[in-house]
Amino acid sequence: MSEALEKVRGVRELPLFPLPLVLFPGVPLPLHIFEPRYREMLEDVQAKNNMFGVSYFEAGETGDEHPPSGHVGCVAEVVEVQTMRDGRSNIMTLGVARYRVESYVETGEPYLVGRVEFFEDEPEDDELLNARAREVLNLFVRIANSVRVLNDERGSLPEIPEASPERLSFLVASAMEIDAGVKQEMLELRLSSERLGRLQGLLAQVVGGYEERARMHTIGKGNGHGGKKINFS
């Protein structure tokens with residue numbers, strides 16, 4: 001059993017926090033807690049295991065009041081709490097493990113509680129996963145370096161910690177500026193190879209554009225400083 005599943009072992013009912021965002025395992029998520037029902041939820045989880053579920057939900061999008069049964073979300077573990085005098089809180093959470101909501105539970109609490117089952121990616125061929133992970137990491141680093149150039153950041157890109165293909169896929173998916181619905185689809189996938197394949201396709205579509213913009217930005221900065229001028233006429 002993995003460390004993540006070990007952490008949620010024995011948990012069958014989970015307080016749920018519907019939000020218009022997607023949380024991935026291993027990814028930090030800061031939250032501002034201000035609604036009375038979620039203040040109460042925070043107090044309750046702090047008294048138990050410091051865990052609640054983050055479920056992707058766009059209020060008003062379908063007319064529903066909460067995500068449907070069967071949806072997939074990610075457990076958030078509360079790792080830091082800063083409580084203000086008026087009762088609001090700023091908290092830092094960390095994604096732990098994915099869950100599927102089997103049903104909602106009537107508890108009398110003002111917040112949602114779901115009966116959940118937890119899951120991880122299915123086993124696959126290590127050679128295939130490592131190859132795809134290297135391809136995704138290479139594309140991601142190329143884009144990240146281009147963004148640093150565009151932002152005039154000096155120095156090299158900070159070293160990316162070594163991660164398993166599954167964890168790498170979550171980190172890259174979280175960092176990408178893509179539609180939350182697409183991120184939700186990636187969260188639900190149970191094959192790392194499939195998630196990495198989708199990420200590779202998305203990154204490959206934009207890497208050339210980022211590198212070209214970075215190249216032109218570098219040329220533009222050289223204008224008037226010994227660099228070749230560009231004639232736009």
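How do helix 3 and helix 4 lie relative to each other, roughly parallel or roughly perpendicular? Keep that in mind while you get your bearings; we'll come back to it at the second stop. One thing to know before you click around: this is a predicted model.

**Stop 1: the whole chain**

Show the protein chain as a cartoon and colour it by secondary structure. You'll have 6 helices and 6 strands to look at. Follow the cartoon from the N terminus and the elements come in the order α-β-β-α-β-β-β-β-α-α-α-α. The chain has 233 residues, and 36% of them are buried.

**Stop 2: two helices side by side**

Now select residues 126–150, which is helix 3, and residues 165–175, which is helix 4. Two packed helices are described by the angle between their axes and the distance between the axes. Here the axes come within 10 Å and cross at roughly 30 degrees. Angles under 35 degrees count as roughly parallel, so that is the answer to the opening question: helix 3 and helix 4 are roughly parallel to each other. The crossing of helix 3 past helix 4 is left-handed.

While you're here, select Asp152, in the loop between helix 3 and helix 4. Asp152 isn't a glycine, yet its phi is positive, near 60 degrees. Its relative accessibility is 42%, so Asp152 counts as partly exposed.

**Stop 3: another positive phi**

Jump to Asn50, in the loop between helix 2 (36–46) and strand 3 (51–56). Asn50 is not a glycine either, and it has a positive phi of about 65 degrees. With 26% relative accessibility, Asn50 is partly exposed.

**Stop 4: strands 4 and 5**

Select residues 72–83 for strand 4 and residues 89–104 for strand 5. In strand 4, pick out Glu77. Is Glu77 buried or exposed? Its relative accessibility is 18%, and since buried means under 20%, Glu77 counts as buried.

Leu94 sits in strand 5 and, at 32% relative accessibility, counts as partly exposed.

**Stop 5: salt bridges**

Hide the surface and show the side chains of the charged residues. How many salt bridges are there? The count comes to 14, and we'll visit a few of them.

- Start with Glu6 and Arg9, whose side chains form a salt bridge with an N to O distance of 3.0 Å. Glu6 is partly exposed at 37% relative accessibility, while Arg9 is exposed at 57%.
- Move to Arg12 and Glu102, another salt bridge, at 3.2 Å from N to O. Arg12 lies in the loop between helix 1 (3–7) and strand 1 (13–19), and Glu102 in strand 5, so this pair ties together parts that are 90 residues apart in sequence. Arg12 is partly exposed at 37% relative accessibility, and Glu102 is partly exposed at 33%.
- Then pick Arg115 and Glu13, with 3.1 Å from N to O in their salt bridge. Arg115 is in strand 6 (residues 112–119) and Glu13 in strand 1, so here the parts tied together are 102 residues apart in sequence. Arg115 is partly exposed, with a relative accessible area of 30%, and Glu13 is partly exposed with 38%.
- Finish with a group: select Arg98, Asp121, Glu166 and Arg195, which are linked in a network of salt bridges.

**Stop 6: one last residue**

Which helix holds Leu187? Select residues 180–188, which make up helix 5, and you'll find Leu187 there. Its relative accessibility is 1%, so Leu187 counts as buried.

How values were computed:
Residues are numbered from 1 along each chain as its sequence is written. This is a predicted model: local features need pLDDT of at least 70, side-chain atom pairs count only at pLDDT 80 or more; totals for chains, interfaces and linings use all residues. Side-chain values use heavy atoms; hydrogens and water are left out. Helices (H or I, at least four residues) and strands (E, at least two) are DSSP runs, numbered from the N terminus. Buried means under 20% relative accessible area, exposed over 50%, partly exposed in between (1.4 Å probe, protein chains only). Axes are lines fitted to C-alpha atoms, for helices over the stretch in contact, and angles run from 0 to 180 degrees between N-to-C directions. Angles under 35 degrees count as roughly parallel, over 145 as roughly antiparallel, 65 to 115 as roughly perpendicular and the rest as oblique. A crossing is left-handed if the near helix is turned anticlockwise from the far one by less than a right angle, and right-handed if clockwise. A salt bridge is a side-chain nitrogen of Lys or Arg within 4 Å of a carboxyl oxygen of Asp or Glu.
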